[in-house]
Amino acid sequence: MKERPPLRPVHWMGDSLKVLRSFPDEAQDDIGHSLMIVQAGLMPIDAKPLKGVGSGVFEIVTRYDGDTYRTVYAIKIGRHIYVLHVFQKKSKSGIKTPQQDIDLIVKRLKEAQRREGEQ
């Protein structure tokens with residue numbers, strides 16, 4: 001029997017873990033399950049590339065009880081998975097990620113890349 005490779009470690013940027021813990025338990029469970037799939041080197045069915053930010057940045061969209069929760073992570077920075085931003089989508093019109101969230105994601109992506117370069 002072939003042994004599975006170890007799960008890739010997750011690094012939480014900024015307040016992303018704290019925000020995740022404020023979500024309903026069911027949303028947390030769904031996001032946690034999807035991130036475990038990513039750690040195993042696979043792509044969850046609820047993940048898609050986040051356009052306009054950079055290669056290797058993905059978004060998990062989780063819906064629960066009429067609300068939408070988003071988790072943005074980067075996979076192409078060393079061996080780690082970097083969770084860049086976790087937020088609840090507030091706007092009911094359109095699916096576009098608000099610019100202030102994009103700006104924060106880009107800032108945290110640069111910080112993750114800098115941090116990885118120091119290791």
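Visitor: Which residues is serine 34 in contact with, leaving aside its neighbours within four places in sequence?

Guide: Serine 34 is in contact with Pro44, Asp46 and Ile60, where contact means heavy atoms within 4.5 Å. This is a predicted model, in which local features need pLDDT of at least 70 and side-chain atom pairs count only at pLDDT 80 or more, while totals for chains, interfaces and linings use all residues. Residues are numbered from 1 along each chain as its sequence is written, and side-chain values use heavy atoms, with hydrogens and water left out.

Visitor: Why is serine 34 called buried?

Guide: Buried means under 20% relative accessible area, exposed over 50%, and partly exposed in between, with a 1.4 Å probe and protein chains only. Serine 34 has a relative accessible area of 4%, so it is buried. Its place is in helix α2, residues 25-39; helices (H or I, at least four residues) and strands (E, at least two) are DSSP runs, numbered from the N terminus.

Visitor: Why is aspartate 65 called exposed?

Guide: The relative accessible area of aspartate 65 is 67%, and therefore the residue counts as exposed. Aspartate 65 is found in the loop between β3 (57-64) and β4 (67-77).

Visitor: What is the phi of aspartate 65?

Guide: Aspartate 65 has a positive phi of about 50°, although it is not a glycine. Most residues other than glycine have a negative phi.

Visitor: What pattern does the protein follow along the sequence?

Guide: The pattern is β-α-α-β-β-β-β-α, with three helices and five strands.

Visitor: Why is the protein called as compact as a globular protein of that length?

Guide: The radius of gyration, taken over C-alpha atoms, is set against the globule rule, 2.2 Å times the number of residues to the power 0.38. The protein has a value of 14 Å, close to the 14 Å that the rule gives for 119 residues, so it is as compact as a globular protein of that length.

Visitor: Which residues touch the most other members of the largest nonpolar core?

Guide: A nonpolar core is a set of buried Ala, Val, Leu, Ile, Met, Phe, Trp, Tyr and Cys residues joined through side-chain atoms within 4.5 Å. Of the 15 residues in the largest such core, Phe23, Ile31, Leu35, Tyr73 and Ile75 touch the most other members. Helix α2 gives the most to this core, with four residues. A second, separate core of 14 residues includes Val53, Tyr82, Leu84 and Ile105.
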